[in-house]
Structure formats: structure tokens, C-alpha cells
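User: I am new to this structure and would like a guided look at it. Could we go through some places in turn?

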Amino acid sequence: MRITRITDLDHPALADYRRLTDVALRRVSEPEGGLYIAESSKVIERALRAGHVPRSVLMTDRWLADIEPLVADFEGEIFIGDAALLETLTGYHLHRGALAAMHRPALPDVAAVLADARRVVVLEDIVDHTNVGAIFRAVAGLGADAVLITPRCADPLYRRSVRVSMGTVLQVPWTRLPEWPEGGDLLRAAGFEVAALALSDDAVPLDAYSADPPEKVALLLGTEGDGLSRAALRSSDVVVTIPMLHGVDSLNVAAASAVALWALRVPTMTSVGR
């Protein structure tokens, strides 16, 4: 990569990094431009290990020694500027060291993601990037095999999702699932029982369901506030609920995913506490 020192913001390639705090802009421009933003040397390193290709990197001087060896074999540019100039460009202080504009890899098809999986998580229309990132971290840490997301779900490669996940969105297999009922049909064709995590009078308590779970479980989680749609519930094979106390009816979706994944973990998995 070429090293370019910037003293103004006129370089065309810097457009990748403008207005990172504008969520609506990134939702539109990242998928259409085929890019996502990786933040911090750790996340950039994980992206490169996953086979992702950087188009450019943006950083202050102090991070060059850490980042340059990671991207030395790629084409593109390393942009270096002072902290105040970069904050003007991105809208926030680059306290995590560096940003990289990464080319998005092509998403695999659903059958390929499910081929060897036993535990997967399905996210229906979850719009909060923080929740998406936290769920990916739970999936990675608790040994599930993949994540599938519906067409209107927030982008796992949005900068905040990647950061909250600690880069695990770059290592957990994931792809987009078609709308219901086709999505449910694909899961069942691969041998999965679709378990919807929801409130229902006929729901099975999680502890009872996890006592003798199916060989393959697709845990279905719904959007913040409204939960799962009627179409998703109709496409499910069973409704499972986490029993609650003190008048609390449910957990945040990311917390609920971690509880359910721990309860449904494959028995041979080794658990490590932190």
C-alpha cells in the first residue's frame, strides 16, 4: 500500500470515511459501494485473516507501525493525518487507532452456511446495530455455528456492529435468509427445528426445551420492542420462552440470545468463563 500524508480533505478516496456517524448514509452507501468500515488494528487484523481485502486505511502517525505490516501486500493507500483533521473527516475522534475501508465479500448461500451446522441464530428485522454485534459475540463465544438475518435486519458489517462484536462478525459464518415462509422452509430442509424465542401462552420454558433439544436448532429472535412477526411465528416449529421473575416479562434481545445459546449449547462444547 502507498502511504499518503493528507493535509486537507479533498482526496476522492476519503469519501469512504465521511460522515461515519450518519447511520442512514452508511446503510445506503456501504451495500451499494461494496464496502464496510473496519475500526481498530484488532478488527482490521481479523478482517484480513478472514480473507477480506482493504481498499484504503486511515490513521494518525502513531498507528503506522502497527497497521502497515498487516496491509503491506495489498494495493491501495494508507492515509495519515493529524487527529484534528481526521476528526473533521469522520465526525469523531479516532481513539481506536485506525479505520480501513474493506471490500465486502460475497455472501454465501443459505445451504452452504447450514451444511455442517447444529446451532444457528436467525435474526428477524433487528434494527439496532449494537444488538446485532452483541448477538454475534454471543454466537462466537457460546459455540453456535452461524447467523442468518432477514432482508430488513441491520447490517452486521456496519461499523458499530463490528466494534461491539469485537470483530466476531468477521469470523462467524452468516448470510441473509429469504422472507417467510421460504426462510423457514430452507431451515427445515436442512434438518433444523425452528425455535422462536417469544412470549406466548403455549410457549415451552427454555429449561424444559433445553433438557432434550433436537439435534439441530435454529433459534429465531425478533426485533426490539415488537418481537417476532406473525409470519415468523407461523414459520416456527415451537415457541420457547425464558422464565422471568419480579414482573419482568423479557430480556433485551442480545441478552436473551446469550441465555438461550448457553442453555442450548452442544454438550461437547468446552465453556470458558471470563
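User: To begin, is T7 buried or exposed?

Analyst: This is a predicted model. In it T7 is exposed, because its relative accessible area is 68%, over the 50% cut-off.

User: Where does T7 lie?

Analyst: T7 is in the loop between β1 (2-5) and α1 (23-33). Its C-alpha is 38 Å from that of V172, and the two are 165 residues apart in sequence.

User: Now A100. Is A100 buried or exposed?

Analyst: A100 is buried, because its relative accessibility is 0%. The residue belongs to strand β5 (residues 98-103).

User: What is A100 in contact with, leaving aside its neighbours within four places in sequence?

Analyst: A100 then has contacts with Y17, Y36, I37, A38, I44, S56 and V57. As for Y36, it is 64 residues from A100 in sequence, yet the C-alpha atoms are 8.2 Å apart in space.

User: Which residue's side chain has a polar contact of 2.6 Å with that of Y36?

Analyst: That is H52: its side chain and that of Y36 are joined by a polar contact of 2.6 Å. H52 sits in the loop between α2 (41-49) and β3 (53-59).

User: And H52, buried or exposed?

Analyst: H52 is buried, because its relative accessible area is 10%, under the 20% cut-off. Not counting residues up to four places away in sequence, H52 touches Y36, A47, F74, M102, H103, P105 and L170.

User: Let us change topic to α6. What span should helix α6 have, and what span does it have?

Analyst: Helix α6 covers residues 129-141, and its 13 residues should span 18 Å at 1.5 Å a residue. Its end C-alpha atoms are 18 Å apart, so the two values agree.

User: Which residues of α6 are buried?

Analyst: The buried residues in α6 are H129, N131, V132, G133, I135, F136, A138 and V139. As background to such a list, an α-helix has 3.6 residues a turn, so residues three or four places apart point the same way.

User: What happens at the start of α6, and what comes just after it?

Analyst: At the start of α6, a side-chain oxygen of D128 comes to within 2.8 Å of the backbone nitrogen of T130. Just after α6, G143 has a positive phi of about 85°.

User: Where are D125 and H246 placed, and is each buried or exposed?

Analyst: D125 is in the loop between β6 (119-123) and α6, and it is buried because its relative accessible area is 16%. H246 is in the loop between β12 (238-241) and α11 (253-263), and it is exposed because its relative accessible area is 80%.

User: Which side chain makes a polar contact of 2.8 Å with that of D125?

Analyst: The side chain of T150 does, at 2.8 Å. T150 lies in the loop between β7 (146-149) and α7 (159-164) and is buried, because its relative accessible area is 1%. Leaving out residues up to four places away in sequence, T150 touches L123, E124, D125, R176, L177 and W180.

User: What kind of peptide bond joins W180 and P181?

Analyst: W180 and P181 are joined by a cis peptide bond, with omega at about 0°. P181 is in the loop between β8 (174-176) and α8 (182-189). In general, most peptide bonds are trans.

User: Last topic, cavities. How many cavities of 30 Å³ or more are there?

Analyst: A search of the whole structure finds one. The largest cavity has a volume of about 40 Å³.

User: Which residues line the largest cavity?

Analyst: Its lining is made up of R119, L142, G143, A144, L261, L264, R265 and V266. These divide into five nonpolar, one polar and two charged residues. G143, in this lining, also has the positive phi just after α6.

Conventions. Residues are numbered from 1 along each chain as its sequence is written. This is a predicted model: local features need pLDDT of at least 70, side-chain atom pairs count only at pLDDT 80 or more; totals for chains, interfaces and linings use all residues. Side-chain values use heavy atoms; hydrogens and water are left out. Helices (H or I, at least four residues) and strands (E, at least two) are DSSP runs, numbered from the N terminus. The expected span of a helix is 1.5 Å times one less than its number of residues. Buried means under 20% relative accessible area, exposed over 50%, partly exposed in between (1.4 Å probe, protein chains only). A polar contact is a pair of N or O atoms within 3.5 Å; within protein, one must be able to donate a hydrogen and the other to accept it, and residues adjacent in sequence count only if both atoms are side-chain atoms. On a 1 Å grid over the protein atoms alone, a cavity is a set of points where a 1.4 Å probe fits but cannot get out, and a pocket is an open set with protein on both sides within 12 Å along at least five of seven lines; lining residues have an atom within 4 Å of a point. Grid points are joined across faces, edges and corners, and a volume is the space filled by probe spheres set on the points. Ala, Val, Leu, Ile, Met, Phe, Trp, Tyr, Cys and Pro count as nonpolar, Asp, Glu, Lys and Arg as charged, and the others, Gly among them, as polar. Contact means heavy atoms within 4.5 Å.
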